Amino acid sequence: MNTKNISSAALIISLIGIHSCRKAENPSGSSGTPEEVQKAIIYQLADNVIFATYQDMDSGAVALETHVNAFIQNGGEEELKACRESWLAIRGAWEKSEGFLFGPVATQNVDPRIDTWPVNFQSLDSVLTHNSTFDNAYIESLEDALRGFHPIEYLIFGQNGEKKAADFTQRQKDYLLALSHNLRGLCDLVVNEWHGGYYKEFTQPGSGSVYANQREVYEEIVQAIIGICDEVANGKILEPFSANDPSLEESPFSQNSMTDFTNNIRSVANIYYGAYSKNGKGLEDFVRLYNLSLHGKISMEIEAAIKSLENISLPFGQAITAEATKLQSAMDAINALKETLENELLPLVQLHSAE
Amino acid sequence: MKLQHPKYRIKVIAILVALVAFVFACRKAVPLSDSEQNEWYSGGMQTVFISGSGAYGQPFPTLSKEKQELHELGDVGFGAIFNSDPKQRNYGLGPIFNHVSCASCHIGDGRGKAPETGEALGSLLLRISVPGTDPHGGPKPVPFYGGQLQQRSIFGAAAEADVTVSYTEKSYQFPDGESYALRTPVYTLSNYYTTGPGNMMVSARMAAPVFGLGLLEAINEMDILALQDINDQDGDGISGKANRVWDIEKNEMNLGRFGWKAGQPSLIQQSAAAYNQDMGITNRLFPEESSLGQTQGNLASSIQELSDSTLYAVAYYVKSLAVPGRRRANEPLIQQGKILFNQTGCNSCHVPSFRTAANMAFPELSNQLIYPYTDLLVHDMGNGLADNRPEFLANGTEWRTPPLWGIGLSKIVNGHNNFLHDGRARSLTEAIMWHGGEAEKAKSGFENLNTQERKALIAFLESL
C-alpha cells in the first residue's frame, strides 16, 4: 500500500541465476554460516522483538480492562489515573509494534479495528445517548472510528485531557468497559494467531509456510520498516502538517502523538538491532556480515530520526504551527532513513538472503 | 516497440544483461525458454518482484515522481475511513452502507475473506434486484432497496436488513481416493427496515484484488471480442461472451470488464459505484444517495460528498498498482503444472497473455505483454455457482473469468485462501472443483489427474 517501487526485475533474475549455484560462504568470519546467522536472526526477531511486543500489548490490554473495572467499581481520581497510565502503556506497545505490520495483525484486519482516527464525535454522542446494550457484538457492529484506542482515549482523557472522574456518566463507563474488553479480545487474537501457526510460518520458511524461503521473510521484515517510516513521515506527520489541521492528529486527547511517532521509529530500531525484551540478533547482524559502512549509516540515521522527533517539545497539535521547522526536519530525517532502507538495505537482503 | 524514455532503455539493457547472466551463470535450474522468459513479468514492465504482505500494493515501478505523488494521494483516499460527522474530513458515510473505506474490504489491496458461520459480512456484500431490467438493460432495482443491500447504517438510520451466513458442507472423493469437501453458503435476511420484497434475487460478491486493473483496462477491446464464441461454433464447449454495460460517463453501452459479472466498463465507474453503493458516498457519477427513495434518504441536502479530485486519484491509484511477478516459475513441478493447466483446458478461459494497446497518453500501460490468465468474458459456470441474477448480458449462471495473476500470494497478503465470487472455496482445489457449465470438461480433466499431477497444477497456480 504505502511502500514504493521495488521492481528491479533484472536484479531478481540475475539473482536466481547466481544464487542457484552459490555456495554458502561467511565473509564476516563470525560463528555460523551466513545462512545459520540469517536463520537465527529471524528466530530471535520473532521471539525477542515481535512476539515480546505483542505479549506486552496483550498484558497491557488486560491491565487496562482491570483498571477500568476498578474505576467503575470505585469511581475515584486515583483509579482514573491508573486507567490513563495503562492506556499510555498499551499504546506504547502498539506503536512499537507498527514496525512489523505483517502476519495476523494485517491479515485479520486488526489495525483498523483498534487504531482508527479521528474519533467520530457525532456518532460517539449517538452511541452514548442510544439505549443498546454494550456487549461485544454491539461494539463489533460499530464503525471502526467508534472503537479501539482512540474512543477509549477520548473517554478517559476527555476532549482536552482534563476530564474528572465525576464527569463520567454511567453510560460512558459502560461504553468504556466494553471498548476495553473488545480491545483486549483483539490483542488476544494477535497473540493467539502468532502462537497458532504464524510463528512457524515466519521462522520456518519453505513448504508449509506462506514464505517460500528466507529471502521472502527478509523482504517482509524490511518492507515493514520501510512502510512505517513512510507512514510516520508522509502520513501521520505530513497530513495534519500540510493541511495545517490539528484535528487530524492521531492521539490528540492524551497529547501523546509525538510519543506515538517516536515509538514507531523505535520499532524500526528494535527490528534493526534485535533488541526489545532482550538484546539478541537483529537486521544489524545481517548487515554487518556484508556491509559495515551501511550498518554505520543506518545506525546514524535511526538515531537522527529519533532525536529529531525528541527535539520537538510541544504536543503535536501545537507543534504543527509553533515548531514547523523542527517537524520538517523530523520528516526529512525519517525520509532519509526510509530511502536508505529502501535503496540499500532491501537490495542487500535480497542479494544475500537464502533462496 | 520504440523505447523513447531513457529510463526504459537502461532498464531493458539491464534486463538483457541479467538474462544473459542468468542463462550462463549455471545450469542447475531449468531455465524457461527465451519466449517464456517474459512469463516472469506477469505485468510486463509494471511487474514488481516482492512476495511479502505488501505484494499487491506496489505502484508501477516506472512512474515519474509526479505520477508517484498522484498514486500516493490515491493511496490515502483508498485508505480514508469515512464517518458521519459533518465537522470532519471524510464526511458522508451512509446513511446506509456496507463498509467504511475502500481498504476495509480490499485489505492489502487484495481479496476479502468469506465470513464464517455467524460472522459479520466483512468484505462481502449482497447485490439485489427483481426480475426485469432497468432502462439500460441492467438489473432492475428492488423497490425501496435498490440494487445492493446495505446491512449497516449510521446512527439515526436503519440498515436495510440483517444478514446471517451459514454453510452446508458435502464431502467428495477424487477418483484416486483423495477426499475434499465443498461448502455452499446460505444467506438469511431478516429484520428488513420496511416490508421485505417477495421476489428478490440475491447475489453475494466478495471484494476482489485491485492490482493490475489498469493493465486489464488497457487491453484492446478488439482483442477481447476476438475471443468470443457465443454460439460455440468451434464446438469446444466454451462459448465466452462479452458483457455490454451502461457507461455513465460516455452515456452509451460499452464493453464490461470489471466486477464478478463484468458489470462495470471502467475503473473510474467501478470506483465511483463502490463509493456510492458500498459506503454511501455521493460523487460526480453517482450523485444520489444509495438510500434514495427511502424515508431516510438524504435528498434535501444532497451534496456531492466526494471531491472529483479524490475520485480521480483513487481511480488512478488502482490503475497504477503493479502486478507481482512469478515466483519459482522454472521449477520442474511448476513447469509440469503449467503443461497440465493447458492440457486440461484451463487456458481456454484463463487466457494466459495479452498485449495491451498502444497508448501515447499513458506510456506505462502502453504495449505491455501481460499474463493475467483471464479473457474478461463471461461464461456459464453451471448451476452450482449460479446466482440466478442476470446483470446486463450476463445471465444467472454466467461469471466473468477472474484473473489468476498474483493468486499464489493470497495467503501471505490476506491470510486465507478463499476464492470465487462469494469466497466459498477454501483452497485452489475447491475453487477448481466448483467449476461447472462450460468449465465442466476442464474440471473433470483436473479431477482425473493423479494426486501428484493435481499437486503440480496447484503449484503452478501458486507460482502466478
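Analyst: A crossing is left-handed if the near helix is turned anticlockwise from the far one by less than a right angle, and right-handed if clockwise. The model is predicted, so local features require pLDDT of at least 70 and side-chain atom pairs pLDDT 80 or more, while totals for chains, interfaces and linings use all residues. Residues are numbered from 1 along each chain as its sequence is written, chains are lettered from A and ligands numbered from 1 in the order written, and side-chain values use heavy atoms, without hydrogens and water.

User: How are helix α13 (residues 292-310) of chain A and helix α15 (residues 324-352) of chain A oriented to each other?

Analyst: Helices (H or I, at least four residues) and strands (E, at least two) are DSSP runs numbered from the N terminus. Axes are lines fitted to C-alpha atoms, for helices over the stretch in contact, with angles from 0 to 180 degrees between N-to-C directions. The axes of α13(A) and α15(A) lie 9 Å apart at an angle of about 155°. Angles under 35 degrees count as roughly parallel, over 145 as roughly antiparallel, 65 to 115 as roughly perpendicular and the rest as oblique, and α13(A) and α15(A) are therefore roughly antiparallel.

User: In which hand does α13(A) pass α15(A), and how many nonpolar residues does the contact have?

Analyst: The crossing of α13(A) past α15(A) is left-handed. Contact means heavy atoms within 4.5 Å; among the residues making it are L294(A), I298(A) and L309(A) of α13(A), and A333(A), L337(A) and L348(A) of α15(A). Ala, Val, Leu, Ile, Met, Phe, Trp, Tyr, Cys and Pro count as nonpolar, Asp, Glu, Lys and Arg as charged, and the others, Gly among them, as polar. By these classes the contact has three polar and three charged residues, and the nonpolar ones number 14.

User: At what angle do the axes of helix α2 (residues 34-74) of chain A and helix α3 (residues 77-95) of chain A cross?

Analyst: α2(A) and α3(A) are roughly antiparallel, and their crossing is left-handed. The axes come within 8 Å, and the crossing angle is roughly 165°.

User: How many charged residues does the contact of α2(A) with α3(A) have?

Analyst: Residues of α2(A) including M57(A), L64(A) and F71(A) meet residues of α3(A) including L80(A), W87(A) and W94(A). By class, the contact has 14 nonpolar and five polar residues, and its charged residues number two.

User: Is S97(A) buried or exposed?

Analyst: S97(A) lies in the loop between α3 and α4 (104-107) of chain A. Residues up to four places away in sequence aside, S97(A) touches T53(A), Y54(A), M57(A) and S267(A). Buried means under 20% relative accessible area, exposed over 50%, and partly exposed in between (1.4 Å probe, protein chains only). At a relative accessible area of 0%, S97(A) is therefore buried.

User: How many residues of helix α8 (residues 149-157) of chain A are buried?

Analyst: The buried residues, among them F149(A), E153(A) and F157(A), pack against α2, α3, α5 (110-114), α6 (121-129) and α9 of chain A. After α8(A) comes G158(A), with a positive phi near 80°. The helix is mostly covered, its buried residues being nine of nine.

User: What kind of aromatic pair do W194(A) and Y198(A) form?

Analyst: Rings of Phe, Tyr and Trp (its six-membered ring) pair if their centres lie within 6.5 Å; planes under 30 degrees apart count as stacked, over 60 as edge-to-face and the rest as tilted. The structure holds 34 aromatic pairs over all chains; in this one the centres are 4.8 Å apart and the planes stand at 80°, which is edge-to-face.

User: In which helix do W194(A) and Y198(A) both lie?

Analyst: W194(A) is buried at 0% relative accessibility, and Y198(A) is buried at 10%. They are four residues apart, about one turn of the helix, and both lie in α9 (residues 170-203) of chain A.

User: How many residues apart are F211(B) and W405(B)?

Analyst: Their ring centres are 6.4 Å apart with the planes at 45°, so the pair is tilted. The pair links distant parts of the chain, from the loop between β9 (201-206) and α4 (213-217) of chain B to the loop between β16 (398-400) and α9 (410-414) of chain B, at a separation in residues of 194.

User: What distance separates the C-alpha atoms of E289(B) and P95(B)?

Analyst: E289(B) is in the loop between α6 (267-279) and α7 (308-319) of chain B, and at 6% relative accessibility it counts as buried. E289(B) and P95(B) are 194 residues apart along the chain, and their C-alpha atoms are separated by 8.0 Å.
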